[in-house]
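I opened a new page for this chain today. I want to see how its parts pack together.

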Amino acid sequence: MESVTAQRMLLVDDDPVVLSTLSRGLERLGVDVDAYDNTSEALLHLEADRYIAVIADQVLPGALCGHEFLLAAQQVDPQALTILMSEMDGMDAHPAAERFDATVGKPVAPADLVERIRMIQTLRMSAAAAA
């Protein structure tokens, strides 16, 4: 499996400061990021491209909220990691949270997000090797 920084991520957040800060920080770490402020536009790109990770804020404008968008992402590309972001406390208690690879609180540091993705990749590779 390629490293996190050798692949692309799809990021969706309607807060322009979060979207810009996180995408720039990830790009400084060598990650290619496609960033969108709504799920409608992001969904079009999700269907056309492949991503190592799809990261979405819980509360978003557009056809789908964040968790609905991530569920759609899993249908389009089951190999992509799905990560739900939220400013709300207790996201792990969200009914859909267990269906995603991770939930993270905002703000999240780009380096922490990359490290989280690496850990998930390692767990997936270990599980595949054990199967």
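This is a predicted model: local features need pLDDT of at least 70, side-chain atom pairs count only at pLDDT 80 or more; totals for chains, interfaces and linings use all residues.

My entries below go from the sheet to one helix and then to the cores.

Entry 1. I looked up the strand order first. Five strands make an open sheet, ordered E2-E1-E3-E4-E5, and their pairing is parallel.

Entry 2. I picked E4 and E5. They pair in the parallel sense over four bridges. Leucine 84 stands opposite threonine 103 in E5. As a reminder to myself, strands of a sheet pair through backbone hydrogen bonds, either parallel or antiparallel.

**Entry 3. A helix on the sheet.** I turned to H1. It lies across E1, E2 and E4. Its direction runs at about 170° to E2.

**Entry 4. Helix H4, length.** I tested whether the length fits. H4 covers residues 110-130, which is 21 residues. At 1.5 Å a residue, the helix should span 30 Å. Its end C-alpha atoms are 30 Å apart, so the two values agree.

**Entry 5. Helix H4, faces.** Which residues of H4 are buried? I listed Pro110, Leu113, Val114, Ile117, Ile120 and Gln121. Seen down the axis of H4, these buried residues fall within an arc of 120°, so they line one face of the helix. The face turned away from the buried side of H4 carries the exposed residues Asp112, Leu123, Ala129 and Ala130.

**Entry 6. What covers H4.** I looked for the cover over its buried residues. It includes strand E1 (8-12), helix H1 (16-28), strand E3 (53-57), strand E4 (81-86) and strand E5 (102-105).

**Entry 7. The cores.** The largest nonpolar core has 20 residues. Met9, Leu26, Ile55, Leu113 and Ile117 have the most contacts inside it. E1, H1, E3, E4, E5 and H4 each give two or more residues to this core. Which element gives the largest share? I found that H4 does, with four residues. Apart from this core lies another, of 16 residues, among them Tyr36, Tyr51, Leu64 and Leu70.

Entry 8. I ended with leucine 26. Leaving out residues up to four places away in sequence, leucine 26 touches Met9, Val31, Val33, Pro110, Leu113 and Val114. Of these, Pro110, Leu113 and Val114 are also among the buried residues of H4.

Notes. Residues are numbered from 1 along each chain as its sequence is written. Side-chain values use heavy atoms; hydrogens and water are left out. The expected span of a helix is 1.5 Å times one less than its number of residues. Buried means under 20% relative accessible area, exposed over 50%, partly exposed in between (1.4 Å probe, protein chains only). The arc is that of the directions from the helix axis to the C-beta atoms. Contact means heavy atoms within 4.5 Å. A nonpolar core is a set of buried Ala, Val, Leu, Ile, Met, Phe, Trp, Tyr and Cys residues joined through side-chain atoms within 4.5 Å. Two strands pair if DSSP finds at least two bridges between them. Axes are lines fitted to C-alpha atoms, for helices over the stretch in contact, and angles run from 0 to 180 degrees between N-to-C directions.
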